[in-house]
Amino acid sequence: MSEKTIENYGKSFLVLILPISFLIVFVVNTWRFLLIGLLLLMVFNLWHQYRWEKWGEQVNPLFYQLIRENQGKITPVDLALKGNFSGNQAKRYLEGKAKEFGASVVDSESESPSYYFITASILGDIFDSSESVEKLPRRPVTKEARSLLAPPPPIPQEEEQQKQEQEELQPELLPEATDVATHQEVQKPLEEQLVFGSLIQSELAKRLGVYSSTVYKRRNDPDFPEWSRSRDPDGIAWSYSRKSREFFPLEN
């Protein structure tokens, strides 16, 4: 390293040493005054903070009143007009309350910022005042729906008898042994069966121990009375009435 470079470093070091030395000398001679000034500044800040808190306690009733009146929305202008103080104080106060309660702040270029404070009562009022969901309009009942809801029309007597005969033909699918067993189990005295003086086709088939379709096929035969007598457990001959569509016992 050349002598010129060392000389330049020495000059730079002297430039730094001089201000630092003067600062040290100043602090040593004035540290008492600096300490007193620092204490006075701390006391002033504490006093200012105390006054601000006292002032905030006086503004709190106005703040809560505006919150209830405006459904939680408040601006610095509203608070300044209500309390008759400067806008800077109102804005500073609302900023502190917004941090304390976690309020929403909406900034606007043309207007002052708006602060939204939501409480339980305000939230309930909002739900109560909100529009209810519109109910779906009742659809008119169509003719098809009315026909489904209406009771079934009365079945004419002839159709009912035909339906009964068709139902009586269904036992053809069952074995004859089952029909005979059923006949033996359900067999009743003739007096109990002839409560109305006659038997219908299915009742006579059970009594004779044959298919109901067999009685249906042979009911108009001339030899039906003799045929029914041969199968009747009491040896009774039966005749068929086309008018009433029932079977009547023949007197011996």
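In which loop is Q71 found? Q71 belongs to the loop between α1 (3–69) and β1, where helices (H or I, at least four residues) and strands (E, at least two) are DSSP runs numbered from the N terminus. The model is predicted, so that local features need pLDDT of at least 70 and side-chain atom pairs count only at pLDDT 80 or more, whereas totals for chains, interfaces and linings use all residues. Residues are numbered from 1 along each chain as its sequence is written, and side-chain values use heavy atoms, with hydrogens and water left out.

The protein comprises eleven helices and five strands. Of its 252 residues, 23% are buried, a term that denotes under 20% relative accessible area, with exposed meaning over 50% and partly exposed lying in between (1.4 Å probe, protein chains only). The accessible surface amounts to about 19,900 Å², and carbon and sulfur atoms account for 58% of that surface; these areas come from the Shrake-Rupley method with a 1.4 Å probe. Among contacts (heavy atoms within 4.5 Å) between residues at least 6 apart in sequence, 48% join residues at least 24 apart.

Three strands form an open sheet in the order β1-β3-β2, with antiparallel pairing; two strands pair if DSSP finds at least two bridges between them. Strands β1 (73–74) and β2 (104–106) stand at the edges with a single partner strand each, so one side of each is left without a neighbour in the sheet. Strand β1 is joined by two bridges to β3 (residues 114–116), and these strands run antiparallel. Within this arrangement, I74 stands opposite Y115 in β3. Helix α3 (residues 87–101) packs on the sheet and touches β1, β2 and β3; the helix direction makes about 30° with that of β3. Most residues other than glycine have a negative phi. The relative accessible area of Q71 is 38%, which makes this residue partly exposed.

A helix pair is formed by α9 (residues 201–208) and α11 (residues 224–231), which pack at an angle of about 50° with their axes 9 Å apart. Axes are lines fitted to C-alpha atoms, for helices over the stretch in contact, and angles run from 0 to 180 degrees between N-to-C directions. The two helices, α9 and α11, are therefore oblique to each other, given that angles under 35 degrees count as roughly parallel, over 145 as roughly antiparallel, 65 to 115 as roughly perpendicular and the rest as oblique. L204, R207 and L208 in α9 meet F224, W227, S228 and R231 in α11. By class, this contact has four nonpolar, one polar and two charged residues.

Strand β4 (residues 238–241) has a covered face made up of W238 and Y240, while S239 and S241 form the uncovered one. Four bridges connect β4 to β5 (residues 246–249), and the two strands run antiparallel; P249 in β5 is the bridge partner of W238. The hairpin of β4 and β5 has four residues between the strands. In the loop between these strands lies R245, whose phi is positive, at about 60°, although R245 is not a glycine. With a relative accessible area of 34%, R245 is partly exposed. By contrast, I236, in the loop between α11 and β4, is buried, with a relative accessible area of 14%. The C-alpha atoms of I236 and F248 are separated by 10.0 Å, the residues being twelve apart along the chain.

Methods:
Ala, Val, Leu, Ile, Met, Phe, Trp, Tyr, Cys and Pro count as nonpolar, Asp, Glu, Lys and Arg as charged, and the others, Gly among them, as polar.
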